[in-house]
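Visitor: Could you walk me through how to read a few features of a model like this one?
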Protein chains: 4
Amino acid sequence: MRKIIKNGTIVTASDTYFGDILIDDGIIVMIGVDLDDEGAEIVDASGCYVFPGGIDPHTHLDMPFGGTVTVDDFESGTIAAAFGGTTTVIDFCLTSKGAPLKSAVETWHRKSAGKAVIDYSFHLMVSEVTDEVLAELPQIIEEEGITSFKVFMAYKNVLQADDGTLYKTLLVAKEQGALVMVHAENGDVIDFLVRKALEEGNTDPIYHALTRPAVLEGEATGRAADLTALADSQLYVVHVTCAEAVWKIAEARKKGLRVFGETCPQYLTLDQTDLERPDFEGAKYVWSPPLREKRNQDVLWNALRNGELQTVGSDQCSFNFKGQKDLGLGDFSKIPNGGPMIEDRFTILFSEGVQKGRLSLNKFVDVVSTTNAKLFGLFPQKGTIAIGSDADIVIFDPSVERTLSVDSHHMKVDYSAFEGMKVTGEPVTVLVRGEFVVRDGLFVGRPGYGQYLHRRRFGEA
Amino acid sequence: MRKIIKNGTIVTASDTYFGDILIDDGIIVMIGVDLDDEGAEIVDASGCYVFPGGIDPHTHLDMPFGGTVTVDDFESGTIAAAFGGTTTVIDFCLTSKGAPLKSAVETWHRKSAGKAVIDYSFHLMVSEVTDEVLAELPQIIEEEGITSFKVFMAYKNVLQADDGTLYKTLLVAKEQGALVMVHAENGDVIDFLVRKALEEGNTDPIYHALTRPAVLEGEATGRAADLTALADSQLYVVHVTCAEAVWKIAEARKKGLRVFGETCPQYLTLDQTDLERPDFEGAKYVWSPPLREKRNQDVLWNALRNGELQTVGSDQCSFNFKGQKDLGLGDFSKIPNGGPMIEDRFTILFSEGVQKGRLSLNKFVDVVSTTNAKLFGLFPQKGTIAIGSDADIVIFDPSVERTLSVDSHHMKVDYSAFEGMKVTGEPVTVLVRGEFVVRDGLFVGRPGYGQYLHRRRFGEA
Amino acid sequence: MRKIIKNGTIVTASDTYFGDILIDDGIIVMIGVDLDDEGAEIVDASGCYVFPGGIDPHTHLDMPFGGTVTVDDFESGTIAAAFGGTTTVIDFCLTSKGAPLKSAVETWHRKSAGKAVIDYSFHLMVSEVTDEVLAELPQIIEEEGITSFKVFMAYKNVLQADDGTLYKTLLVAKEQGALVMVHAENGDVIDFLVRKALEEGNTDPIYHALTRPAVLEGEATGRAADLTALADSQLYVVHVTCAEAVWKIAEARKKGLRVFGETCPQYLTLDQTDLERPDFEGAKYVWSPPLREKRNQDVLWNALRNGELQTVGSDQCSFNFKGQKDLGLGDFSKIPNGGPMIEDRFTILFSEGVQKGRLSLNKFVDVVSTTNAKLFGLFPQKGTIAIGSDADIVIFDPSVERTLSVDSHHMKVDYSAFEGMKVTGEPVTVLVRGEFVVRDGLFVGRPGYGQYLHRRRFGEA
Amino acid sequence: MRKIIKNGTIVTASDTYFGDILIDDGIIVMIGVDLDDEGAEIVDASGCYVFPGGIDPHTHLDMPFGGTVTVDDFESGTIAAAFGGTTTVIDFCLTSKGAPLKSAVETWHRKSAGKAVIDYSFHLMVSEVTDEVLAELPQIIEEEGITSFKVFMAYKNVLQADDGTLYKTLLVAKEQGALVMVHAENGDVIDFLVRKALEEGNTDPIYHALTRPAVLEGEATGRAADLTALADSQLYVVHVTCAEAVWKIAEARKKGLRVFGETCPQYLTLDQTDLERPDFEGAKYVWSPPLREKRNQDVLWNALRNGELQTVGSDQCSFNFKGQKDLGLGDFSKIPNGGPMIEDRFTILFSEGVQKGRLSLNKFVDVVSTTNAKLFGLFPQKGTIAIGSDADIVIFDPSVERTLSVDSHHMKVDYSAFEGMKVTGEPVTVLVRGEFVVRDGLFVGRPGYGQYLHRRRFGEA
Ligand SMILES: [Zn+2]
Ligand SMILES: [Zn+2]
Ligand SMILES: [Zn+2]
Ligand SMILES: [Zn+2]
Ligand SMILES: [Zn+2]
Ligand SMILES: [Zn+2]
Ligand SMILES: [Zn+2]
Ligand SMILES: [Zn+2]
């Protein structure tokens with residue numbers, strides 16, 4: 001059945017204009033003034049922005065971590081995403097050394113199938129590059145459409161890969177047309193600092209930040225960029241938090257390297273002092289890399305604006321305060337890392353970015369959707385409002401003033417990192433491939449509606 | 001009358017898709033698949049790209065310079081522009097110290113009225129900031145929609161303003177919402193170097209380049225950026241030619257400053273050795289700043305790609321080789337500065353940029369059109385293909401292989417800077433506000449069709 | 001008559017050792033353990049450092065400025081210098097456009113002859129580079145041994161030279177083996193800022209600082225370095241006050257340029273808030289460039305330590321608070337620029353530098369004496385304690401704790417910029433060419449004893 | 001017995017003067033003009049420079065490497081050093097994981113005792129920082145006077161320490177007053193590149209350079225500097241070869257960090273093309289890091305001149321071409337790394353540095369002797385010519401023109417890296433603690449004369 005989104009202000013990464021959108025069979029087939037179509041359902045967007053659906057390139061749903069598992073799975077996580085204006089997520093498929101990659105991918109298919117209410121895809125973690133891995137990778141790319149590999153430079157003895165593995169992954173990525181993603185922190189030194197802090201009896205959440213200083217993120221970021229230069233490959237640095245890391249990315253780009261950087265809403269709005277909240281509440285603000293000193297926020301906003309950073313992901317990774325975060329009572333290193341963010345990413349960027357004059361409307365769309373699609377091989381199917389693209393659309397009312405809270409959010413996790421924060425704007429209606437998932441603030445989607453997305457190789461979009 | 005551009009690949013600064021465009025009353029009113037409209041004229045764009053018309057932010061038509069005047073005026077110049085895929089030009093209105101600004105603007109209106117075949121606007125040169133000028137500027141902005149001011153840091157004793165004047169202009173621009181443009185070269189030192197070269201009997205065209213070294217462009221660019229920082233204003237550096245200047249702009253942007261840079265096709269493709277062509281042919285390649293050593297070209301392409309530079313202008317300023325350039329026989333300082341470029345800007349960027357893998361299609365549109373419109377207050381009327389925008393459209397056949405030459409170009413000037421150069425692609429059909437100006441390679445426009453454009457204030461787009 | 005300085009800790013720019021020094025005929029002829037010499041006068045230096053006499057490369061004695069003249073002339077100024085541990089000063093000989101350089105030098109000889117109690121030399125100000133100046137300069141260098149030229153980039157309409165003049169001076173300096181000194185501030189913009197502040201009724205001393213922001217010093221410093229690169233010449237930036245300027249010098253040196261920087265005690269210890277002292281006392285702290293925000297002090301100390309800056313001058317330029325500084329009551333721009341510093345330079349550097357762990361003893365000697373001698377063609381006659389060098393020696397007691405004050409200083413000026421400041425160390429005995437000028441804290445010198453020093457060309461030392 | 005060195009031009013890190021030196025009991029006791037001393041032996045230095053003996057902070061004598069051992073031991077090595085003007089060497093004491101540090105030091109004492117003809121000391125390699133190591137280090141510092149620790153960032157699975165170990169070493173060094181030395185190359189990636197090259201059949205010596213690219217040295221240097229910043233400790237980067245590494249050191253120093261850099265004669269004079277010499281001769285030029293592209297040489301000379309780098313070591317590590325270097329025939333990775341350099345370091349720096357105008361005489365002394373002594377706790381006993389210092393003196397005839405060759409050198413190794421190179425200057429006579437070791441070009445020393453030097457803690461000199 002056809003639909004017409006009427007009278008909204010349509011916004012893409014380059015344009016802002018008034019018009020109507022005709023959707024047929026889940027695809028955008030016409031855009032124009034006063035579209036009329038017999039039998040099409042009319043969706044009124046008066047007074048609203050009509051944005052392409054957000055693309056969250058960085059989520060961890062149903063993910064095991066340190067003996068526990070994230071609260072939100074592909075059902076609650078994607079429902080929350082939809083409420084937040086996000087219509088596609090790319091999750092991380094974790095692998096184990098020695099086990100076939102294929103089996104890991106299958107595990108993630110099992111986690112998501114029948115649950116997701118929006119579309120999704122996977123990145124693949126690479127922890128070693130053996131002959132078996134080398135043999136299997138081209139197949140995974142071909143059959144699964146997984147064209148991005150994640151390497152961890154931190155989490156010593158758990159996820160951390162050595163520089164040789166990172167370099168080999170960069171070489172394979174270049175050869176195969178994939179994008180290498182890095183968690184850039186110096187894991188060896190952090191491991192030492194954490195042990196030392198604990199030995200000295202420094203066990204509070206703030207020590208999570210103090211044992212992962214910004215200089216170690218800057219260092220690792222520069223190292224990854226140097227290896228990328230050597231491999232003549234392409235790199236995507238996830239969750240950039242600080243000036244030290246931004247400068248390394250900017251320097252690499254200045255040399256003409258294909259190096260990209262993502263930041264997250266938490267780093268743009270929260271800061272290290274949140275880790276000092278009393279009653280162990282600081283644990284709610286434990287991400288890795290950690291929240292930084294407030295002065296970094298301006299650097300990050302400016303970097304989004306001037307193109308030093310290109311995207312915003314959520315790094316959604318939710319653990320309950322009660323029962324999970326509190327595993328770290330008396331030992332900050334046992335606090336599960338991560339927090340709920342999938343639902344608020346889009347609105348935070350609008351409210352703190354566009355509304356406060358830090359980002360233009362177009363740049364906002366670019367960083368929460370379009371460039372994410374382009375870098376990860378989903379464009380132009382996803383990431384824009386254009387003829388032929390999937391009708392993944394967010395009708396966003398910028399006049400709504402609301403307060404973020406665990407009471408109103410749709411994630412299952414028992415707290416909000418933004419509890420009490422006033423924001424402007426709300427994604428009131430959200431469509432995925434032309435079907436309503438959220439309509440006038442109500443969930444009308446269906447677990448299992450979300451489709452797995454095979455992605456193109458890097459640079460093919 | 002209505003028109004439908006059918007079956008082309010539509011490209012904007014963010015999107016690339018297959019579709020049709022319906023134009024009504026000069027405006028884009030609908031974009032879609034298989035558009036049909038009784039009575040609309042069908043324009044076939046099969047196999048072609050459909051681009052928004054190029055916006056050339058930097059031309060000098062009918063301009064006096066050193067006792068002579070540019071060959072191409074608003075008629076021949078805009079015809080050539082149209083053939084080259086450009087549908088709007090912004091020319092520079094020169095002023096004289098002491099004379100009312102208004103009279104200068106009127107002079108330029110007289111030069112252009114009844115002649116231009118495409119739309120146009122003016123920047124205003126500022127050579128002094130007296131109380132009279134301060135009083136007149138707000139009026140000029142309001143009445144004429146001129147929201148960009150040009151200051152020269154070179155051409156000592158002729159156009160050059162001192163740093164105090166530049167700074168005052170930056171203050172006014174901030175207050176009034178205008179953008180300050182600078183020609184950034186150290187005029188005092190160049191003046192000395194030129195005199196010295198002539199005294200030493202070094203009179204050939206190559207000395208034009210040797211007496212305007214890159215370090216003096218870098219210096220002036222950094223100086224202008226520093227004054228912009230102090231004024232918290234906005235700056236646009238015209239015709240950036242070299243790494244030294246790119247780095248200064250990048251550094252300013254890294255700090256969050258509103259500093260922008262433009263380069264030109266000549267700096268991306270020609271180099272200093274062209275000034276050494278025998279038989280005084282080097283004179284054809286005399287621009288200021290001069291062509292640089294070849295290694296700068298990669299820096300400029302990379303800067304366009306990564307956002308360190310934002311736009312490409314032509315700096316069109318054509319003088320005949322015979323009768324004008326030869327004024328400088330025996331004295332390079334008498335060679336009129338500038339060259340023909342208005343016609344080839346768009347195609348050179350496509351052929352050397354997109355075709356050679358240096359720019360994506362979207363970035364190409366961005367630098368030759370969209371960002372130019374945004375920075376100079378013409379967006380969204382101009383600079384994109386979107387509902388409600390003027391139907392300024394270029395149907396571009398990327399399969400054409402052709403050779404640039406004075407024999408085939410439409411400028412009146414008697415040489416081409418690209419004589420014999422093979423390029424890929426041709427703007428076969430060009431519409432301005434829905435009317436054909438060039439159709440299937442033939443001029444079908446009309447002098448006087450072009451309209452003067454009042455522009456918005458900086459940041460209002 | 002011979003003297004032996006006994007039992008002191010002798011310190012040079014590289015060495016620190018215990019020993020005795022034998023002086024014969026004003027020259028150091030022997031250094032050793034337990035020197036004995038029949039008939040030599042024994043000067044006990046037990047418990048003291050024995051330093052080479054300080055060389056102050058930047059003084060303005062008996063200098064006209066804005067209708068008044070500095071309080072301290074070559075007599076009181078050099079007496080104060082001697083009390084402060086300085087045995088050579090290099091003063092600035094001001095010139096007037098159109099007048100022969102020679103006559104300016106003669107004027108300065110008249111000011112100094114018969115007055116100076118320590119040795120001295122002159123730099124020559126260059127405000128224009130005409131054919132006459134070009135003809136006269138080689139002669140001045142040859143006959144007067146003046147091998148350093150000063151160019152002002154500020155003081156518009158008074159002392160300011162344009163960039164062409166600076167560049168020509170750099171060329172001459174390279175050719176003739178001289179060092180070009182610049183006062184690096186953007187005079188055009190400062191001129192505007194000053195007028196604007198006054199128009200707006202901002203007349204207090206603090207506006208002196210606010211109208212000469214650090215970015216304008218950084219800008220001018222970078223500009224001078226760029227012109228030096230172009231000329232392949234040598235540059236000495238006087239009175240560097242801020243990070244912005246230090247970075248430009250460091251960048252130039254990184255490229256291998258012969259660019260040097262001097263800072264002054266005031267910038268290392270005082271800051272912009274001193275200009276806000278009540279009762280017009282801020283006027284005492286009016287230097288150009290102005291005192292900066294406190295955070296610059298660390299940058300300056302670090303720059304001295306790591307070699308980004310090379311020397312410390314006093315920029316002695318004393319005006320009485322009553323009768324001179326107060327010319328600027330109600331108009332900060334009329335406050336005579338400068339302050340008393342010749343006497344305290346050496347001790348401040350020791351007390352704030354060596355005693356506080358910021359400079360090693362050797363680096364201290366280097367920046368207050370040795371490198372000054374080397375850069376300005378006085379080495380090895382001056383600037384060290386070595387066989388054959390002039391016996392310009394300071395016996396410095398590091399155990400003295402004292403308080404700086406106008407009550408105890410020897411300058412004639414009616415205030416001290418360091419009133420009440422506690423310092424460690426005192427130059428108790430000072431010899432010039434083997435003769436006592438200060439002995440055990442008493443002046444025993446003689447006006448006219450000081451000799452004019454012909455200096456070597458740059459690089460000849 | 002006393003000696004007088006007469007009529008030489010004495011040069012220190014700051015001074016150059018004509019004079020005589022009286023030595024008593026191995027100590028410099030007097031310096032002066034026309035010294036006379038009954039009974040003292042007169043050593044004529046007419047026409048010669050009299051330098052403090054060179055201090056080579058980086059040698060590997062009698063060192064096992066890859067199943068073989070360096071040709072030159074503490075006897076032949078120190079004889080060659082003496083002929084080359086070096087009077088003190090600091091060698092590296094290698095340790096094994098798990099074994100007591102003390103036993104390693106004892107091994108090195110056994111290697112040197114009774115053999116060395118000049119004075120010597122040891123650095124201690126640190127490959128792990130266990131509780132045992134932590135317990136033993138203070139003792140080693142106290143008892144052995146070993147105040148510098150070496151950490152390898154390369155040689156994976158052999159010497160390479162991880163970043164945690166480096167960081168812990170930096171912490172201990174700060175606490176104990178020691179200096180951490182790093183071999184800065186990214187060992188993980190090099191390991192991969194070497195394996196890959198061999199697998200691809202690329203076995204020639206040039207692949208040694210191609211598998212250790214400069215970017216990996218730059219990366220590791222920056223990483224070490226970042227960890228030093230975090231630890232607020234002190235770092236000495238050995239054998240800096242390239243612009244990439246120099247810039248990282250300069251950047252760290254600009255921030256005020258105590259980071260120092262050493263380069264070696266081979267990197268200042270030889271380049272990567274030497275590895276392509278035919279008949280496997282390239283193997284003679286296998287150092288790690290490798291020789292670089294020629295353009296790096298200017299960067300290194302400039303860095304010494306402007307203080308970005310502070311010292312020059314030899315990295316002496318000699319292997320015979322026949323029987324040792326040829327272990328790598330058919331597999332470049334088996335070529336023992338290193339070459340003969342102990343004998344030529346001093347002269348190369350004089351001939352290529354001072355004679356060619358790249359270094360002043362004083363800076364030459366500084367980088368080959370004085371700063372080495374200061375950084376490693378030997379000053380003022382060693383590293384200068386001053387009262388009270390050891391009479392370690394080189395009488396150097398700058399008029400000698402000679403040709404370096406295996407035929408004339410005194411190392412036992414069977415080739416010279418500088419075969420056929422013309423140099424200016426020769427250390428004709430060398431004294432250590434006042435005794436002749438080389439006299440008029442003949443060896444007159446005695447194995448076992450050299451003394452082991454306990455060194456002071458960092459910063460105590
Ligand atoms: Zn992560
Ligand atoms: Zn993550
Ligand atoms: Zn221009
Ligand atoms: Zn122009
Ligand atoms: Zn000054
Ligand atoms: Zn001064
Ligand atoms: Zn090494
Ligand atoms: Zn070594």
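Visitor: Is Asp62(D) buried or exposed?

Guide: Buried means under 20% relative accessible area, exposed over 50%, and partly exposed in between (1.4 Å probe, protein chains only). Asp62(D) counts as buried, at 18% relative accessibility, and Lys111(D) counts as buried at 14%. This is a predicted model, where local features need pLDDT of at least 70, side-chain atom pairs count only at pLDDT 80 or more, and totals for chains, interfaces and linings use all residues. Side-chain values use heavy atoms, without hydrogens and water, residues are numbered from 1 along each chain as its sequence is written, and chains are lettered from A and ligands numbered from 1 in the order in which they are written.

Visitor: Which residue forms a salt bridge with Asp62(D)?

Guide: A salt bridge is a side-chain nitrogen of Lys or Arg within 4 Å of a carboxyl oxygen of Asp or Glu. Asp62(D) pairs with Lys111(D), with the closest N and O atoms 3.9 Å apart. Asp119(D) and Arg433(D) also form one, at 2.6 Å from N to O, and both of these residues are buried.

Visitor: Which residues coordinate the zinc ion (ligand 2)?

Guide: Donors are N, O and S atoms within 2.8 Å of the metal (3.2 Å for Na, K and Ca); water is not among the atoms, so sites may look incomplete. Here the donors come from His58(A) (NE2), His60(A) (NE2) and Asp315(A) (OD), at 2.0 to 2.2 Å. His60(A) and Asp315(A) are both buried. The zinc ion (ligand 1) is 3.7 Å from the zinc ion (ligand 2).
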